[in-house]
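Please look over the sequence and the model first, then read the points below.

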Amino acid sequence: MSELLKLRGHMNSLLVFLILVSLSFPAAAVIIGGKVAGPGEGDGVVQIATVDDKGSILNYCSATKVGARVLLTAAHCFSSTNTKILGISTKIINDKFEYEGVEVEKVISHPSSKLYNYKKIDVALVLLKQSSVLDEITTRVINFDFVAAQTEVQFWGFGCQATTNNTANYIPVKKHSTGHTQDQAQLKRNFGILTDIVRRDVGLIQKNFMLTPGQGLDVQGASVCWGDSGGPVFKGPDLVGINVTYLVKDMKANGQSESGVTDLNLHLRLSPIKAWLLENLSL
C-alpha cells in the first residue's frame, strides 16, 4: 500500500492525461470497447446514474455488486457537485433513462482517493439502505491474487459509443471486451507530453494497475470509454480490478487526445487494497 501512495510525490504531472470516464457521449458512432452484451450476460454489472446537487446534470458510471447491498465503483464518480445517486440500471440499452430508484446510506471512498488525482486510490463502495433493489442481481466474488501480464481478462461498462466531446443523444450501452493484460513494454510507448513521466514510473504503474490494449494497440478497438468508470475487470468469474482511466496517444497540452482514440486502458488492481475492502465489506 505504501508504494502505491508513493505516486503522491512525483506524478502530479500525470494529472493532465486523466481522461476520467464518467461523462456523457453520443450514440452516433460504433461501439467503443468491444461488443454489446446479450440478454443475461454480465451478471452483477450495473450502471449508476447520478445527478448534481441541483438535480440538473446527469452523469453515469459503471459498478459491480459485491455484497447484499454494496456496489464497487470508482471514487471519481462522486465529485463535490455530483453526489446524489438517482438510480441504477442493468439494462443493455436504456435511452429513456428509466432507472430503479435507490436510497443510499453512504458512499465510502478510499481514504487516499481524491477527484482528478492519479496518485490516489480511485475506488469507492456504495452502501444502499435496502438490499431489495439488488436482490435479483448476482454478487460477484473478489479475487485478490496479483494478475500477471498476459492474463486473459474481460472488462465491462456502460460507456460511450464514440470518443468525442459531443454530449448530445447519449445512449448508455452495456458492453464488454476480452483482452490480455500488457507488460511494462507497453508503457514505454510515446504518450506525447507525458512520455518521460510514464517511462520513469513504469514499474510503479505496472504494479498497481492492470493494463489492457486501447484502440492504438488493438485493431478491434478494445478500449474503455467515458461511462465505463468503475466498471469491473474479471479474470474468469472473479472480480480482480475496476476501470479508472486510460492513456491517449498524440496528447495535447490540455490533456485531450488529438487523435480521439485511447491507446492503453488502466484498471486499478484490487490486490493492493485487500485490507481496506475486507474491512468495509464487513460493515
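A residue counts as buried when its relative accessible area is under 20%. By that cut-off C77 is buried, because its relative accessible area is 2%. The model is predicted, and the chain has an average pLDDT of 76.

**Confidence**

- At least 70 is the pLDDT score of 67% of the residues.
- Among the elements of the chain, the lowest mean pLDDT, 40, belongs to helix α2 (residues 7-10), and the highest, 97, belongs to strand β12 (residues 232-235).
- Residues 1-29 have a pLDDT below 50, and this stretch makes 112 contacts in the model beyond near neighbours in sequence.
- Residues 163-169 also have a pLDDT below 50, with 21 contacts in the model beyond near neighbours in sequence.
- Where pLDDT is low, the predicted coordinates should not be read in detail.

**The disulfide**

- The model has 1 disulfide.
- C61 and C77 are the two residues it joins, with an S to S distance of 2.0 Å.
- The angle about the S-S bond is -95°, and the link of C61 and C77 is left-handed.
- C61 is buried, with a relative accessible area of 4%, and C77 is buried, with 2%.

- Strand β8 (residues 124-128) is mostly covered, with 5 of its 5 residues buried.
- A124, V126 and L128 point one way from β8, whereas L125 and L127 point the other way. Residues on both sides of the strand are buried.
- β8 pairs with β4 in the antiparallel sense, over 4 bridges. In β8, V126 is the residue that stands opposite L71.
- β8 is also joined to strand β7 (residues 104-109) by 5 bridges, and these two strands run antiparallel. Here L127 in β8 has K106 opposite.

- Strand β11 (residues 209-213) is mostly covered, and 5 of its 5 residues are buried.
- F209, L211 and P213 point one way from β11, and M210 and T212 point the other way. Again, residues on both sides are buried.
- Strand β14 (residues 262-269) runs antiparallel to β11 and is joined to it by 5 bridges. Opposite L211 stands L266 in β14.

**Helix α5**

- Which residues are buried in helix α5 (residues 274-281)? They are W276, L277 and N280.
- Seen down the axis of α5, these buried residues fall within an arc of 95°, so they line one face of the helix.
- An α-helix has 3.6 residues a turn, so residues three or four places apart point the same way.
- A275 and E279 are exposed, on the other side of α5.
- The buried residues of α5 pack against β4, β7 and β8. Of these strands, β4 and β7 are each paired with β8.

Key:
Residues are numbered from 1 along each chain as its sequence is written. This is a predicted model: local features need pLDDT of at least 70, side-chain atom pairs count only at pLDDT 80 or more; totals for chains, interfaces and linings use all residues. Side-chain values use heavy atoms; hydrogens and water are left out. A disulfide is a pair of cysteine sulfur atoms within 2.5 Å. Buried means under 20% relative accessible area, exposed over 50%, partly exposed in between (1.4 Å probe, protein chains only). pLDDT is the predictor's confidence in each residue, from 0 to 100. Contact means heavy atoms within 4.5 Å. Two strands pair if DSSP finds at least two bridges between them. The arc is that of the directions from the helix axis to the C-beta atoms.
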